[in-house]
Amino acid sequence: MTTIPDERLLRVAYFSRNTIAGGDETLQEIDRILETAQTNNSKCGVTGALMFNDGAFAQILEGPGSAVEDVFDRIQLDDRHNDITVLQTDWIDTRTFPNWSMGFAGNDAAAAIQYAGIADRSSFDVEALSASDLIQLLREIAIRNELALRAA
């Protein structure tokens, strides 16, 4: 990626295959990924959302250009991912996920219903996954999760 001045906001949307072994270890590893991402991303001004199921990750990263590039570079070196496919790299005026250092949409029933058009039970259908679909889907899930937290 080309480095651009930090005052510009960059969005990267990507899909990757999950290489984490299944079972309870997977959930523990996802928790570790989220905890690390939330801590590190809040320090460098990166926000976004992560969707995970047994077969794949899909993620949106937003923030200052160089910070997003640094985070994405680390992701590309992470052996818990392979077959990384960038769906979109674009300069944006406003963030879609301004309050989420890293929101998470897991493999719960409600999320599964929401992404049924682009995912099956074990992996995303890459052919059907577009950046706009992913952004809209994660935005809807993020809003639903925020409302649930407020109601609790």
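Modeller: Helix H1 has 21 residues, and from its first C-alpha to its last it reaches 31 Å, close to the 30 Å expected at 1.5 Å a residue. The expected span is 1.5 Å times one less than the number of residues. Helices (H or I, at least four residues) and strands (E, at least two) are DSSP runs numbered from the N terminus. This is a predicted model, in which local features need pLDDT of at least 70 and side-chain atom pairs pLDDT 80 or more, while totals for chains, interfaces and linings use all residues. Residues are numbered from 1 along each chain as its sequence is written, and side-chain values use heavy atoms, without hydrogens and water.

Colleague: Which residues in H1 are buried?

Modeller: Buried means under 20% relative accessible area, exposed over 50%, and partly exposed in between (1.4 Å probe, protein chains only). In H1 the buried residues are Thr26, Glu29, Ile30, Ile33, Leu34, Ala37 and Asn41. They lie on the same side of H1, because they cover an arc of only 140 degrees around the axis, taken from the directions from the helix axis to the C-beta atoms. An α-helix has 3.6 residues a turn, so residues three or four places apart point the same way.

Colleague: Which exposed residues does the face of H1 turned away from its buried side carry?

Modeller: That face of H1 carries Asp24, Glu25, Asp31, Glu35, Ser42 and Lys43, which are exposed. Thr39, also in H1, counts as partly exposed because its relative accessibility is 38%. A polar atom of the Thr39 side chain lies 3.0 Å from the backbone oxygen of Glu35. A polar contact is a pair of N or O atoms within 3.5 Å; within protein, one must be able to donate a hydrogen and the other to accept it, and residues adjacent in sequence count only if both atoms are side-chain atoms. Thr39 and Ser101 are 62 residues apart in sequence, yet their C-alpha atoms are 7.7 Å apart in space. After H1 comes Gly45, with a positive phi near 80 degrees.

Colleague: Where is the place of Glu62, and does Glu62 count as buried or exposed?

Modeller: Glu62 is in strand E3 and counts as buried, because its relative accessibility is 0%. Its side chain reaches the backbone nitrogen of Phe97 at 3.0 Å.

Colleague: What should I note in strand E4?

Modeller: Strand E4 covers residues 81-92 and includes Ile84. Ile84 counts as partly exposed because its relative accessibility is 26%; its C-alpha is 9.2 Å from that of Phe57, 27 residues apart in sequence. Asp83 also lies in E4. Although not a glycine, Asp83 has a positive phi of about 50 degrees, and with a relative accessible area of 54% it is exposed.

Colleague: How is a pocket read?

Modeller: On a 1 Å grid over the protein atoms alone, a cavity is a set of points where a 1.4 Å probe fits but cannot get out; a pocket is an open set with protein on both sides within 12 Å along at least five of seven lines, and lining residues have an atom within 4 Å of a point. Points are joined across faces, edges and corners, and a volume is the space filled by probe spheres set on them. Here the largest pocket holds about 340 Å³ of space. It is lined by 18 residues, and Ile33, Ala37, Ile75, Asp78 and Arg80 are the closest to its centre.

Colleague: Which element supplies the largest share of the lining of the largest pocket?

Modeller: H1 does, with six residues. H1 (24-44), strand E3 (56-64) and helix H2 (65-77) each supply at least two residues of that lining. In H2 one finds Val71, which is buried, with a relative accessible area of 6%.
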